[in-house]
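Let's take a friendly walk through this structure, beginning with the surroundings of its ligand. Have the sequence and the 3D view at hand as you read.

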Amino acid sequence: MKTAVKDVSKESIAQAATLIQAGQLVAFPTETVYGLGADALNPTAVLQIFAAKNRPADNPLIVHIADVSELPRLVDAIPPLAQKLIDAFWPGPLSIVFKKSAIVPAQTTAGLATVVIRLPAHPDAIQLIHAAGTPIAAPSANQSGNVSPTTAQHVQEELNGVIPLILDGGDIEFGLESTIIDCTSPQPLLLRPGSITQEQLEKVVGPVGAPDETEKPASPGMKYKHYSPKTPVVLFTKPENLQAALVAHPRRSCVIHHSKALAGSGEVSVPLSHNPTHAAAALYRALRQADTLHCDVIYVETFPKTGVGVAIMNRLEKAASHVIG
Ligand code: TXA
Ligand code: MG
């Protein structure tokens, strides 16, 4: 299959909407990462997402809507806490777990009785969902386990020849997948940290807990190794530990850092902003760039686990083989 990459325009949105209606796949920008979309209510279309990404069949999809008015028919009920979150954060990078209604196919939710819904803030995504006239199921537009794409070019690297169309909406704003929160039980649970932080959520709904992962994972996707470049990733916290590792293991090293003092470390160094929000937006691009440099190892400087730093570290710890402190 030939994959077309088109700038977002009235014509390309119309073409994308026609493809979605015909049960095909389209990659499109959101404010978090690029998504790989299909008609969320068409089981055959949804199964194609799993095939294109090599996604394990037990990993459910997020359903994207263009307007809050589309929510009631997809869910069994809207709990009061979920309504507060919707009022505070939609449209935006927050995905909410609901008990699903009968019209959401089991293929979309991987057999779960719940469905995760998100109203994205990206105008291109909104236009596409409106034009398609159906909710769009969309995981990140990468091969399962790889780093999520934050440009149309990244999507091409992942899915060229596998899908008919990539909508190019330029760079994205946040660069980390949406925060996922479960409000189906009395205590809200944070299933995946993201750019909307725990502190922001708690201001709206009070204390937010962590899921008990000892039995079965509350968010099936979180159990898989994720966000991984092909080159081994090693995290470091203290610049002196990096320097010691570079001396102890001389090999071709790429250093992704936010401390200015580390500029020029290793064979290649990739600077990130010290500001976690800005660093998050550039993180996946940096990991992909590092992966093209044919290094033996990618060292990444850790961020403090506060605010958006929690989400950055969640992704980095899944990408990394170990931490040298
Ligand atoms: O920012 C985002 O959320 C992006 C853009 C495209 O919207 N999408 C995204 O999708 O990150 P994906 O498939 O890469 O991650 C979805 C996560 C997975 O960890 C999945 O297991 C979890 O959401 N999930 C989906 N449905 C669920 C459900 N009913 N209950 C618990 N977790 C669920
Ligand atoms: Mg993903």
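In this predicted model, strand E6 gives the largest share of the shell around ligand 1, with four residues. You can find E6 at residues 114-118. Strand E4 (62-64) and strand E10 also supply at least two residues each.

Now look at the shell as a whole. It holds 27 residues, and the closest to ligand 1 are Thr32, Asn59, His64, Ser178 and Gly221. Sorted by class, 14 residues of this shell are nonpolar, nine are polar and four are charged.

Some side chains come up to oxygen atoms of the ligand. In histidine 64, an N or O atom of the side chain is 2.6 Å from an oxygen atom of ligand 1. Serine 178 has a polar side-chain atom 2.6 Å from an oxygen atom of ligand 1. For arginine 192, the distance from a polar side-chain atom to an oxygen atom of ligand 1 is 2.9 Å.

Between E9 and E10, a hairpin of six residues makes the link. To see the pairing for yourself, find aspartate 182, which stands opposite leucine 189 in E10.

Conventions
Residues numbered from 1 in each chain as written. Chains lettered and ligands numbered in written order. Predicted model: local features only at pLDDT ≥ 70, side-chain atom pairs only at ≥ 80, totals over all residues. Heavy atoms only, no water. Pairing = 2+ DSSP bridges. Near = heavy atom within 4 Å. Polar contact = N/O pair within 3.5 Å; in protein donor to acceptor, adjacent residues only side chain to side chain. Nonpolar A, V, L, I, M, F, W, Y, C, P; charged D, E, K, R; others polar.
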